[in-house]
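Could you walk me through this protein model, from its helices to the side chains that pair up across them?

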Amino acid sequence: MRSKSRKQHSADNFAMDVKAIRSKARQHLNAGAVTQGYAADREVVLRLLNDALATELVCVLRYKRHQFMASGIHAEPVAAEFAAHAGEEQQHADRIAGRIIQLGGAPDFSPDGLAQRSHSEYVEGTDLRDMITENLVAERIAIDSYREMVTYLGDRDPTTRRMIEEILAVEGEHAHDMSDLLEKE
């Protein structure tokens, strides 16, 4: 009970210097969304985001190939799942590219070196089971990569951290979906 009153007491003493915030907002306007309060190393964040962008683009390409190459008795629902995931990965890529722009960077959509910048690999797979397995591996790589990014960002860039956390949640769903498909195979 004592800690609750201590927390409330701290909140009661909180004061925001709106006048100073307004003054700072007028400085360095060419920096756009990056204010003086931005605590992360912007160049590192831009590199991480461009690597994440490459990862998402490689995932889109792999899922699209798998969608069209899926064959066999169970292919239709699996191909539909691949198509849905490709669309969601494209949405992730678009969000990441948008955030790169907000931070004053340039999203790297160049196909040159795309596979090298990506955390996951583009593996075609020889049959439906291989395709599902490769997508599961890629999702697991994305999960661990994005988890490390979230840890690095911490409180230094909460906007980027939240975006990556939201993408991470969807990647977890994708991994679960691929794992379920493997069990049905």
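Just after helix α6, Gly 154 adopts a positive phi of about 45°. Please keep in mind that this is a predicted model, in which local features need pLDDT of at least 70, side-chain atom pairs count only at pLDDT 80 or more, and totals for chains, interfaces and linings use all residues. Residues are numbered from 1 along each chain as its sequence is written, and side-chain values use heavy atoms, with hydrogens and water left out.

Let's stay with α6 for a moment. Helices (H or I, at least four residues) and strands (E, at least two) are DSSP runs, numbered from the N terminus. Helix α6 covers residues 128–153, and its 26 residues should span 38 Å at 1.5 Å a residue; the end C-alpha atoms lie 37 Å apart, which agrees. The expected span is 1.5 Å times one less than the number of residues.

Asp 144 and Arg 147 meet through their side chains in a salt bridge (3.0 Å, N to O), where a salt bridge is a side-chain nitrogen of Lys or Arg within 4 Å of a carboxyl oxygen of Asp or Glu. The two residues sit 3 places apart in α6, about one turn of the helix. An α-helix has 3.6 residues a turn, so residues three or four places apart point the same way. Asp 144 has a relative accessible area of 43% and is therefore partly exposed; Arg 147, at 44%, is partly exposed too. The cut-offs are under 20% relative accessible area for buried, over 50% for exposed, and partly exposed in between (1.4 Å probe, protein chains only).

Now step back to the whole chain. It has 7 helices and 0 strands, giving the pattern α-α-α-α-α-α-α along the sequence. Of its 185 residues, 37% are buried. Among contacts (heavy atoms within 4.5 Å) with a separation of 6 or more, 81% are between residues 24 or more positions apart. The accessible surface comes to about 11,200 Å², and carbon and sulfur atoms account for 52% of that surface. These areas come from the Shrake-Rupley method with a 1.4 Å probe; for residues, only the protein chains shown count as cover.

Arg 99 counts as buried because its relative accessibility is 8%, and Thr 160 counts as buried at 0%. Leaving aside residues up to four places away in sequence, Arg 99 touches several residues, including Tyr 38, Leu 49 and Met 163. With neighbours within four places likewise set aside, the contacts of Thr 160 include Val 45, Leu 103 and Leu 153.

The structure holds 8 salt bridges. One of them joins the side chains of Arg 65 and Glu 124 (3.4 Å, N to O). This pair links distant parts of the chain, with Arg 65 in helix α3 (residues 42–69) and Glu 124 in the loop between α5 (114–117) and α6, 59 residues apart. Glu 166 forms another with Arg 95, the closest N and O atoms being 2.6 Å apart. That pair also links distant parts of the chain: Glu 166 is in helix α7 and Arg 95 in helix α4, 71 residues apart. Glu 166 counts as partly exposed at 43% relative accessibility, as does Arg 95 at 37%.

Phe 14, Met 16, Val 18 and Ile 21 make one of about 410 Å². Patches are made of residues with over 30% relative accessible area and no salt bridge: like charges are joined within 9 Å, nonpolar side chains (Val, Leu, Ile, Met, Phe, Trp, Tyr) within 5 Å. Ile 21 belongs to helix α2 (residues 18–25) and is partly exposed, with a relative accessible area of 46%.
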